Amino acid sequence: MKRVAWQIVATLLAVPAVAQDQPLTLDMTEVYRAGGADAQEEWAFFGPGLQLRFDGAGNLVVLDVLESRVVVIGPDGQLVRSVGRKGEGPGEFRIIMTLAVWRDGRIAVPDQRHAAIQVFSPEGELERFVRMDEEDKPLSMALGHQEIRADQRGERLIAQGVGGVLVAMANRANRRMGHQEDETPSGVDDRALETLDFSGDVVVSRPILQGWRAPRPEPGLSPPDEQDWGKVVASMEDRYFEPGFHWDVLPDGTIAYSDSTAYAIKLASPEGSVTDVLRRPLSPQPVSARIRRATIAYQLERFNERYETAPSTGLPFMAPDPEGRRRRIRERGFYHEIPVVRGLKATWDGGLWIQRRGGDPWDDDGPIDVFNADREYIGTLPAGAPGMPVAFGPDGLVVHLERDELDVPTLVVSRLTSARPQPRSRTRSPSQRAATAPPGAR
């Protein structure tokens with residue numbers, strides 16, 4: 001076991017009011033690692049697409065999208081069991097993208113091709129195979145939910161819908177096959193949540209929460225452009241700095257979410273009604289011409305790096321129209337301000353970790369504000385120390401993902417033993433003074 005003490009320093013970013021941050025000291029002990037290119041056991045070789053959750057016994061449940069499997073790892077880092085396998089029948093997986101885990105160890109895996117939710121017992125046995133209602137099957141189920149969470153209070157899931165581009169693709173395919181386009185498909189979009197109740201013979205979906213979407217002008221495509229799929233997709237893409245939709249579910253069923261550029265974390269009842277808002281005095285930054293130029297240059301550099309580098313599968317990077325992609329990067333629109341919040345996670349005991357933007361406007365891995373289960377702000381962790389966990393578990397367990405140059409993931413499970421405020425310094429070092437300088441002043 002490796003012990004690491006993260007001595008948190010007041011690293012302040014170039015956004016207003018960060019002097020209000022209370023730095024934290026966080027003690028964390030590494031418990032085990034699993035996976036990586038040098039893994040000794042076959043079960044520990046994981047693909048690039050993973051979903052991770054803990055159960056109440058401290059087991060880490062891993063959904064490996066590429067291999068269509070679920071692996072349960074015990075608190076000692078050893079394999080407990082494998083759940084399901086690739087195949088056509090009940091208890092087997094066809095297309096799976098996400099999973100939910102209850103504290104008692106039950107696992108739910110929606111399967112797109114089966115159009116069903118498969119529920120496994122804490123021992124890994126198939127407990128229920130509940131199909132979607134064919135007459136009211138939400139398009140979000142057919143296309144796959146972005147994220148799902150277990151409602152710890154009963155037999156239902158809370159699920160985020162799919163993006164508008166995917167819905168447009170489905171409707172475009174319907175038109176090409178001569179089917180009627182469903183302009184108002186059942187289910188929810190990528191800024192909304194629905195419940196999936198599987199307590200009966202079929203899964204019943206019900207929308208519960210619609211996040212705010214920034215208004216945008218109609219694309220106004222010409223008839224020839226309507227036939228160009230690349231231009232259709234480009235017209236529906238989010239603008240740079242369009243506010244995201246970040247959410248999680250607390251143990252009592254409360255839904256916490258952020259849907260705007262402001263620091264406003266909305267707390268909603270399990271049925272979707274907002275009951276409270278957590279705020280900090282942090283304001284979104286206006287998007288200047290300089291920021292626009294720097295963002296486009298950064299995105300072009302990232303694209304060129306990906307285009308020239310093969311992914312971990314060993315296959316060449318496929319870009320049918322690289323010049324067209326570069327043109328879309330340059331011509332993509334901008335939202336008028338930069339969102340403060342970039343991520344949100346609920347802790348095992350009902351606290352919240354809120355990740356803010358980093359030093360660059362496009363940097364999603366900034367400092368993390370920590371709130372306790374009483375909704376009180378207790379302090380801020382600087383960027384990268386230790387970073388937002390992928391999942392929280394009991395007794396302070398957390399899991400992070402590390403990836404090597406070939407994108408091979410390693411699961412790092414640690415235990416947080418304390419998080420306490422650090423005394424504020426009356427003076428700042430030159431590096432801290434530089435960190436608080438306004439954009440362009442460095």
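Which strands each supply at least two residues of the lining of the largest cavity? In this predicted model, they are β3 (50-54), β9 (100-101), β13 (148-150), β17 (246-249), β23 and β27 (391-392).

**The cavity**

The structure holds five cavities of 30 Å³ or more. The largest cavity contains about 350 Å³ of space. Its lining is made up of 20 residues, and those closest to the centre of the cavity are R53, R149, D248, V249 and F392. By residue class, the lining of the largest cavity divides into 13 nonpolar, two polar and five charged residues. Among the strands, β3 gives the most to this lining, with three residues.

For β13, three bridges make the link to strand β14 (residues 156-160), and the two run antiparallel. Within this pair, I148 has A159 of β14 as its bridge partner.

**The four-strand sheet**

Another lining strand, β23, is part of an open sheet of four strands in the order β23-β24-β25-β26, where the pairing is antiparallel. Here β23 (341-346) and β26 (377-381) are the edge strands; each has a single partner strand, so one side of each is left without a neighbour in the sheet. On average, neighbouring strands of this sheet are turned by 20° against each other, direction ignored. Strands β24 and β25 pair in the antiparallel sense over four bridges.

| Strand pair | Sense | Bridges |
|---|---|---|
| β13 and β14 (residues 156-160) | antiparallel | three |
| β24 (residues 352-356) and β25 (residues 368-371) | antiparallel | four |

**The helix pair**

How do helices α5 and α6 lie relative to each other, and at what angle do their axes cross? The axes of α5 (residues 289-308) and α6 (residues 322-331) come within 9 Å and cross at roughly 160°. Angles over 145 degrees count as roughly antiparallel, and α5 and α6 are therefore roughly antiparallel to each other. The crossing of α5 and α6 is right-handed.

How values were computed. Residues numbered from 1 in each chain as written. Predicted model: local features only at pLDDT ≥ 70, side-chain atom pairs only at ≥ 80, totals over all residues. Heavy atoms only, no water. Pairing = 2+ DSSP bridges. Axes fitted to C-alpha atoms, helices over the stretch in contact; angles between N-to-C directions. 1 Å grid on protein atoms, 1.4 Å probe; cavity = no way out; pocket = protein on both sides within 12 Å on 5 of 7 lines; lining within 4 Å. Points joined across faces, edges and corners; volume = space filled by probe spheres on them. Nonpolar A, V, L, I, M, F, W, Y, C, P; charged D, E, K, R; others polar. Parallel < 35°, antiparallel > 145°, perpendicular 65-115°, else oblique. Left-handed = near helix turned anticlockwise from the far one by under 90°.
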